[in-house]
Amino acid sequence: MGIVSKGVLGLVLAIITYIVVAINKASYIPEVPIYPETWWGKGDPAKEDTSIKPFKVDVSKQILDDLKDRLDRALPLQPPLEGVKQNYGMNSNLLQKIVDYWKNDYNWTERQLLLNQYPHYSTSIQGLKIHFIHVKPSISKESNVKVLPLLLVHGWPGSVREFYEIIPILSKPQPGRKVVFELIIPSLPGYGFSEATSKPGLSAERIGQILKNLMIRLGHEKFYAQGGDWGSIITSHMSVLYPNNLLGLHLNMCACIAKLCSLKQWLIGTIFPSLIATEEEMPFFAPVVTKAAEVFLLELGYLHIQSTKPDTVGVALRDSPVGLAAYILEKFTTWMNREWKNLEDGGLTKKFTLDQLLDNVMIYWVTRSITTSQRLYSETFNKNMAGYGLDDIPSKVPTGCARFANEITIHPESLLRYKYPKLIQAPIYADGGHFAAFEVLEVLAKDIYDFIEKIL
């Protein structure tokens, strides 16, 4: 055997050895961590008022007058380059139209009444005032329909506003359905009307602990959970940490980022994608490198900023309502459909009204919560949290996954089953993107009903 042949053989053996070692290492499943019930409030732990108090959205005239003043004094926007649509971010021509509507037509008095149409409450958990909407269904005593507790968890840059249109579908008996839901919809700590922590370390899994305690406070030792964006991550962690409390998990941002999933995706999926993805999944999965590069390079720059320097960008966004609107609404363009960056209006009014979009922006503005919301990225995506290995621990809870064609990324079912061995359903829907509860509420509601009726 020649020197070259021996060298090639040695290289092949080295590569095979590396792959085997990598797979063995990636296959390791850590033990489920146990987190202490940390006091996240200001100062040292103190006696806590655990009562549940009614809450009303009631923004002061001072805050509204300040907003009007800032909008009136906003400097002229930088003109966009010719013909770029939304390819450089939020087009200033589009943004100016939204700001003009905000100043002249958006009526906060009417919108506040809309926000208060459902019962709001707050309670203190682990030192933080947690706000939540609580909607109980009204059914007759003779009805055979089961009422099930369902926790709905939003993400960033969303809020509880995302769920308003889906609430009536989930909380009122539907023809032919065996169940209906008692809905608990919290604002995440540091988001909107929930208090932010003054201490570092409040990551997604620790928020999951707070939400579990909220459900127990409300009398639900066992419950169902649904989430998108951070809601998916938080409730997924809850299914690992508290499988005895979670009866079922439904996600509309479904992913397996365990080491073994990533290894399979890149080692096998790049060369032989058909071994990972079905024919239906292939358009959303292959080629892996191209798809991943597009998402990471074009859509996830914000994630790196918020994972490393959330407070710096937060200064600008907290000071400028126009800047805040641009930063948030840009996500509602490309995260609903990446092709909409080539539209003059960014596709924003294809699924929403400007009132709906500005409701969400207003919740961040009037509560001054943009900086505290962004800190969740820094608290979750770091070495300390990665060391617990929660992403590598399979969930023991029955899981349903609604995959929407325009979601930021879609993972094949073969990978999802590693993280969620009890995956009951994972259909792909041709319409819809990242904000499913807001965009395609009828489709999402049906998927939730279908899933939970299957696991009863």
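## Close-up views of a predicted model

**View 1. Gln-306, tucked away in a helix.** At 0% relative accessibility, Gln-306 counts as buried (buried is under 20% relative accessible area, exposed is over 50%, and partly exposed is in between, using a 1.4 Å probe and protein chains only). Gln-306 sits in helix α11, residues 301–308. Helices here are DSSP runs of H or I with at least four residues, strands are runs of E with at least two, and both are numbered from the N terminus. Setting aside neighbours within four places in sequence, Gln-306 is in contact with Trp-156, Tyr-327, Gln-374, Tyr-377 and Ser-378 (contact means heavy atoms within 4.5 Å).

A quick word on the model: it is predicted, so local features need pLDDT of at least 70 and side-chain atom pairs count only at pLDDT 80 or more, while totals for chains, interfaces and linings use all residues. Residues are numbered from 1 along each chain as its sequence is written, and side-chain values use heavy atoms, with hydrogens and water left out.

**View 2. Tyr-377, one of the annotated active-site residues.** An unreviewed UniProt entry places the feature "active site" at Asp-229, Tyr-377 and His-434. UniProt positions follow the numbering used here, feature names are shortened, and annotations may be inferred rather than shown by experiment. Of this set, Asp-229 and His-434 are part of the lining of the largest cavity. A cavity is a set of points, on a 1 Å grid over the protein atoms alone, where a 1.4 Å probe fits but cannot get out, and lining residues have an atom within 4 Å of a point. Tyr-377 itself belongs to helix α16, residues 370–380. Its relative accessibility is 2%, so Tyr-377 counts as buried. Not counting residues up to four places away in sequence, Tyr-377 touches Trp-156, Asp-229, Trp-230, Tyr-302, Leu-303, Gln-306 and Ser-307.

**View 3. His-434, in a loop.** Look for His-434 in the loop between β11 (428–429) and α19 (436–439). Is His-434 buried or exposed? With a relative accessible area of 4%, His-434 is buried. Residues up to four places away in sequence aside, His-434 touches Asp-229, Asn-252, Met-253, Trp-335, Met-336, Asn-406, Glu-407, Ile-408 and Glu-439.

**View 4. Where helices α6 and α7 cross.** The axes of α6 (residues 204–217) and α7 (residues 230–241) come within 8 Å and cross at roughly 70 degrees. Axes are lines fitted to C-alpha atoms, for helices over the stretch in contact, and angles run from 0 to 180 degrees between N-to-C directions. The two helices, α6 and α7, are therefore roughly perpendicular to each other (that label covers 65 to 115 degrees). On the α6 side, Ala-204, Glu-205, Ile-207, Gly-208, Leu-211 and Lys-212 meet Trp-230, Ile-233, Ile-234, His-237, Met-238 and Leu-241 from α7. Sorted by class, the residues of this α6–α7 contact are 8 nonpolar, 2 polar and 2 charged. Nonpolar here takes in Ala, Val, Leu, Ile, Met, Phe, Trp, Tyr, Cys and Pro, charged takes in Asp, Glu, Lys and Arg, and the others, Gly among them, are polar.

**View 5. Another crossing, α4 with α15.** Helix α4 (residues 108–115) and helix α15 (residues 354–367) have axes that come within 11 Å and cross at roughly 80 degrees. That makes α4 roughly perpendicular to α15. Here Trp-108, Arg-111 and Leu-114 in α4 meet Asp-355, Gln-356, Asp-359 and Met-362 in α15. The class count for the contact of α4 with α15 is 3 nonpolar, 1 polar and 3 charged residues.

**View 6. A cis bond and two positive phi values.** The peptide bond from Trp-156 to Pro-157 is cis, with omega near 0 degrees. Pro-157 lies in the loop between β4 (146–153) and α5 (167–171). Lys-85 has phi near 55 degrees, a positive value in a residue other than glycine, and is found in the loop between α2 (61–73) and α3 (92–104). At 24% relative accessibility, Lys-85 counts as partly exposed. Arg-368, also not a glycine, has a positive phi near 50 degrees and sits in the loop between α15 and α16. Arg-368 counts as partly exposed too, at 23% relative accessibility.

Definitions and conventions: Angles under 35 degrees count as roughly parallel, over 145 as roughly antiparallel, 65 to 115 as roughly perpendicular and the rest as oblique. On a 1 Å grid over the protein atoms alone, a cavity is a set of points where a 1.4 Å probe fits but cannot get out, and a pocket is an open set with protein on both sides within 12 Å along at least five of seven lines; lining residues have an atom within 4 Å of a point.
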